[in-house]
Amino acid sequence: MKTPSQQLASLIYACPECADTKSEGRNLRSHLQKVHNMSVPGLRRGQRFYDTANYAFVKMSGSVKHGSILERFACPSCVNHFGNMKDYKDHLQTHIIPSSDDTTHNSKRQRKSVVAIPSRRKNNFVTFSTTSYLNPPNSLRFPQNVVDSLKSILDIETCTANETNFDSLKSFPVVQSFLSATLKQSLDDLPRFVWTEQLNINTQDEKYLCNTIKFLLTNFANNCSTIAIQTKPYKDYERTFWIEHVVPIFHIFSKQTGMLSFNWCEVENKHHALEDMDGRLQKGNLRFVDGLGHDKSGIERVSMEGSSGERTVDLDKTIDDSIKQLSSLISMLKGIANSHLNANFDTLLATKVFGIQTIKTHIVLSEIKFKDDGSFTYQEMRSAEIPTTYTQRNKWLKVFEILCYLFIAMKDQHINYEALEDEEQGAILVVPGNTIRSKLAP
């Protein structure tokens, strides 16, 4: 019921780029993504537009307009609404999830023009754009308002990982050669080839990684067999893809290299709970992750999130998982710092923790470390598509680049952690003014 102090108003879901209007926020979000390559999140669960002290909202049918009913531009990502297009457009910019090419100012991605032709029969528009769709599909994206909100704590480098970088894999020539030769085999011949091929292995590291190839690609051949294809699950459950395709990669990697050990599916992040403890030493709020990797010293080092099934993705869940992972990684890094307050701050600056997130078949490896001022920096390091059919087998090259990068990084972090321990225990002397305590203590 409208009160005397309220004005009647109708919410309009309008595109700020071409003025096309939609009946619902989700339709506008879909339009922005498909037509203008702009991603914005949906409303959070339970959010909706309610009448306010100033406005009582009503629906208008079709193109009928009434002079006494105000039109308010409704945000498709929150419950704000605006009386003019400029304010609405400025506000919507805070929700846009930047793409990699937007952040790197790639000239090929600039939207040179957008033309909207009105339909003669319906109250809508047909839109034409010179936008180039060069943004990697299913990549991690953080809404601009999240990036801005965390700026004082965390510097999020939003450029996506360079998928053409094979520096880590190339540093193991025998491994690279073996992998390339294996991927040239037919499905029937692959298992025999990987287990009978004579390798000129020179180092223990090469042996570890070649064994990882043997077990992983044997498992891959098993998944690609005719019988396996015939029994492939019909439903696209999130956990099915995670368990069948993601878990084996890192389970085999951990068992064959010894660099990490993993726990799977709803694993408690210890450092988050410890950080959230109150002064009475009561246990803090628990946070659970889909996978948690510990290094050789038993330290939480890798946080993993599976954000979708193989074929469908929920953008809001993906964003929530990405944000949750940032918080988990920061807690893990702070946990290492808190247990080595007498170590050298410069040693801490070389300390890293890692995030792994999957969106459909896309997998991203990221890392977080401290900055000189005590805040944090986040960066995507590598990404790849997980192959699910034998015709996609060359995608393993990028997956193994991720594994080789992680292998090298974990070796470095093992040395780094030994230095932290020696400095904390006094085996290596640290000038008092250079300790973690002196640099980070409030």
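Modeller: Buried means under 20% relative accessible area, exposed over 50%, and partly exposed in between, with a 1.4 Å probe and protein chains only. This is a predicted model: local features need pLDDT of at least 70, side-chain atom pairs count only at pLDDT 80 or more, and totals for chains, interfaces and linings use all residues. Residues are numbered from 1 along each chain as its sequence is written, and side-chain values use heavy atoms, leaving out hydrogens and water.

Colleague: Why is K86 called exposed?

Modeller: Its relative accessibility is 59%. The cut-off is over 50%, so K86 counts as exposed. D90 has 42% and is partly exposed.

Colleague: What makes K86 and D90 a salt bridge?

Modeller: A salt bridge needs a side-chain nitrogen of Lys or Arg within 4 Å of a carboxyl oxygen of Asp or Glu. For K86 and D90, N to O is 3.0 Å, so the pair qualifies. The two residues are four apart in helix α2 (residues 85-92), about one helical turn. Helices (H or I, at least four residues) and strands (E, at least two) are DSSP runs, numbered from the N terminus.

Colleague: How do you know that K324 forms a salt bridge with E305?

Modeller: Their closest N and O atoms are 3.1 Å apart, so they meet the rule. K324 lies in helix α12 (residues 315-338) and E305 in strand β11 (residues 300-306), so the pair ties together parts 19 residues apart in sequence.

Colleague: Why is E305 called buried?

Modeller: Its relative accessible area is 1%, so it falls under the 20% limit. K324, at 23%, is partly exposed.

Colleague: How many salt bridges does the rule give?

Modeller: The count is 13.
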